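Try each task before reading its solution.

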Amino acid sequence: MKIRNLPLPSSLLILFLVLGSCAVTKNGEDVLRYVDPNIGTAHSRWFFYTPAAVPYGMAKLAPSTNGHYGNKDGWEAVGYDTRHNSIEGFVHFHEWQVGGVSFMPTAGELQVKPGELENSRSGYRSDFDRRNEVAQPGYYKVLLDEFKITAELTATKHVGFHRYTFPQNQQSRIILDIGNVQGESGWVTDASIEMVDDTHFEGFVHTYPKYVKKYDPKGKVSMYFYGEISNKPLRVGSFTEKGVEASSSVATGKGAGLFLEYNTQNQEAIEIKVGQSYTSTQNAKLNLSAEAEKLSFDKAKEQAQSAWREELNKLRVEGPDEKNKVKFYTGLFHALLGRGVASDVNGSFPRHDGTIGQLPRDAKGNFSYNFMNTDAIWGGYWNLTQLWTLAYPQHYNDFVHTQLQVYKERGWFGDGIANSNFVSGVGTNMVGLAIAAAYNAGIRDYDTELAYKAVYENEMGWKNRAEGSGKMDVKAFVERGYSPFIGGGNEFITDSTGSTFSASHTMEYAFSAYAAAQMAKSMGKTEDYQKLIKYSDGWKHLFNPQSKLIHPKDLRGNFITSFDPNQAWRGFQEGNAIQYTFFVPQNPEALISAVGKEEFNTRLDDIFTKSQKNAFGGGKTIDAFAGINSLYNHGNQPNLHISWLFNFSGKPWLTQKWTRAICNEFYGTEGVHGYGYGQDEDQGQLGSWYVMAALGLFDVKGFTDARPIIQIGSPLFDKATITLGNQKKLVIETKNNLADNVYIQSASFNGKPLTNNWLYLDELKRGGKLEFVMGNQPNEAWCATVPPSAAQ
């Protein structure tokens, strides 16, 4: 594959973004200048690079460098890679297990295949130079060198916009490639596109993603579109995998597509609007009409960027370090980009059985929530849901409603969801935990009794459980209090008797049982609380008092032999015993007591000291799993809370030290070093971690306590202003905030000195001012005596 020069240095890139952005805020600073979508685009997931979108949009348009290759296991990095130097098309749908509908402007000899990365002239792809590329929230622009065509993209929530500016050429054309694999889409089972008149087209593509095949084999993912072209083509031809028809305006089946031919004048612009839907072409047309019928490209861009400013400005940070602002707002951008709407403007949404569901309307005729497509919440309950709780509760509400809608249709929560299909991913299903946390955090705009019933069944139920709902070994967990180890070698098994990932499952099920118990407690369901809270101690069954590590047990209740605590995939999913031993977020005090406070602190501090030499993960290896055998792996979910555990072990200054170091060193501002090197950014949760850590706020329990608390770290900026979901303001200010002053010397909340390194969430949500005095040496006397505790 061809490798080109890497992106510009961050300082030049920031300047470039400043010059490319026009609108400003009241203080003269446009927040969009700090979002760089190109950060971390080496080895990035399918959703990750979709600049031409609005927050939570269905239409997520982006250039693709290798999307037609698909990926071997159905989840790996694919789409846009900063190391590639050619573009094969501009794709409309980018969601977990969802991808399709690619357009490409071209010229010269007709080619209907995208061609290979190693040879751009083998197909219709084109080389490009990143000096001629602009990527901003809501807008993308690039010059395609092969054809001297400038391509621009923007979007509304359901409509994608293209503007292609051609040179003078009698062989200009636009390729509409519909029936081929794109990203995570998996196999295309059927496709269709046709011109319905001179300037309008419609069609669909049905796909069978690998995770649908694995977890919901009777399902499929369908994408529909209806498009409008500003200029009537001179000629229209079609193609499928069987070949080309020079004069045809219809194509059906695998490989289906059209090519629209033009005789363009110099600087002639052709615009396309594409309504998108997951339910029908009629609704795609309706989405186009409702959002974009009289909307120009420039106005759509203006609206998209205005939407981004509104959402990003809910968190305003101030300070002299431009690089940290770029990390912060790029992380927030990704947090607001993932998990997009799947319902139409009329409230239609896709059901698993192929029928169309309908969202209810409130008394004013409005829809109270959106139906979503969503990756698993695995790991997101430590960062993404906390961010939603503070500043974006409506989106958390959408997430809960979506899962309840799926529960009503399917009888179970879906871990990951693609058009109501189960696409579990990790097989543990932490949705119940996330919904319990929403309830305890005060987000309750749904049927709470139904929600509790679904949460309880998610933790305790196994009869007729669908594989795609995860927790297939929950029967063993409920009967034994832990999941036994089964399988081995290269065979991964999870069934009613246990799992190859038994130890990590036990740790996760214990945490989610705790969350369900807290929801039961809040709702006065005392008997359920007493039952569930016992399961939250499941980790104790696997705690080996000799090694003081979590150690898998077999079906006979014995610790497994030939045990290597550094080994991943044997008892532990995407991690190892060193990492997962710290996975007791529901009861850190008990874990600290079991290990011994002094040994706990020494061991954990040593882990971070050694891991710092390895970039807090897998070093500079560009692979999602590069760090799973390491002592600490920030690039994946199981570890994301442990730097905050020193708050519970009497050394909060070490939480301040290590969370700041991770912000400074794991996160970067380059295409290769963005979210580590071997990152696995699942729809915004790693970006959310940076945002929360930079604010100096985090809860290792993910707001699952009946009265949630939030712990304090090392706030990164001179000032941060959060517009809370209730529209009150929370201001976080620091004094003496130099780069080396990572340690809190003293703090106050609304003028009252803080004597604990934590606050109750409900108090924080009332708004006010958190003030910190920082220094370059730890104040070991500050808040080291009383560990965070909500007396649960």
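**Exercise 1: The second largest pocket**

The lining of the second largest pocket takes at least three residues from each of domain 1 (35-312) and domain 2 (319-339 + 374-775). Keep in mind that this is a predicted model.

Task: Find which residues lie nearest the centre of the second largest pocket, and which helix gives the most to its lining.

Solution: 
- Step 1. Start with the space itself: the second largest pocket holds about 430 Å³.
- Step 2. Go to its centre. Among the 23 residues of the lining, Pro55, Tyr56, Lys157, Glu311 and Lys314 lie nearest to that point.
- Step 3. Sort the lining by class: 10 residues are nonpolar, 7 polar and 6 charged.

**Exercise 2: The largest pocket**

Task: Describe the largest pocket by its volume, and say how the residues of its lining divide by class.

Solution: 
- Step 1. The volume of the largest pocket is about 610 Å³. Its lining has 29 residues, and Lys214, Tyr215, Gly425, Val426 and Gln573 are the closest to the centre.
- Step 2. Now pick out the helix that gives the most to this lining: helix α2 (residues 210-215), with 3 residues.
- Step 3. Count by class, and you get 13 nonpolar, 8 polar and 8 charged residues in the lining of the largest pocket.
- Step 4. Check the domains. Domain 1 (35-312) and domain 2 (319-339 + 374-775) each contribute at least three residues to the lining of the largest pocket.

**Exercise 3: The largest nonpolar core**

Task: Work out which residues of the largest nonpolar core touch the most other members.

Solution: 
- Step 1. The largest nonpolar core has 150 residues, and Leu315 and Phe328 are the ones that touch the most other members.
- Step 2. Helix α11 (residues 502-522) provides the largest share of this core, 10 residues.
- Step 3. At least three residues of this core come from each of domain 1 (35-312) and domain 2 (319-339 + 374-775).

**Exercise 4: An annotated stretch**

Solution: 
- Step 1. Read the record: an unreviewed UniProt entry annotates residues 34-277 as "domain: Glycosyl hydrolase family 92 N-terminal".

How values were computed: Residues are numbered from 1 along each chain as its sequence is written. This is a predicted model: local features need pLDDT of at least 70, side-chain atom pairs count only at pLDDT 80 or more; totals for chains, interfaces and linings use all residues. Side-chain values use heavy atoms; hydrogens and water are left out. On a 1 Å grid over the protein atoms alone, a cavity is a set of points where a 1.4 Å probe fits but cannot get out, and a pocket is an open set with protein on both sides within 12 Å along at least five of seven lines; lining residues have an atom within 4 Å of a point. Grid points are joined across faces, edges and corners, and a volume is the space filled by probe spheres set on the points. Helices (H or I, at least four residues) and strands (E, at least two) are DSSP runs, numbered from the N terminus. Ala, Val, Leu, Ile, Met, Phe, Trp, Tyr, Cys and Pro count as nonpolar, Asp, Glu, Lys and Arg as charged, and the others, Gly among them, as polar. Domain bounds come from an automatic or database domain assignment. UniProt positions are given in the numbering used here, feature names are shortened, and annotations may be inferred rather than shown by experiment. A nonpolar core is a set of buried Ala, Val, Leu, Ile, Met, Phe, Trp, Tyr and Cys residues joined through side-chain atoms within 4.5 Å. Buried means under 20% relative accessible area, exposed over 50%, partly exposed in between (1.4 Å probe, protein chains only).
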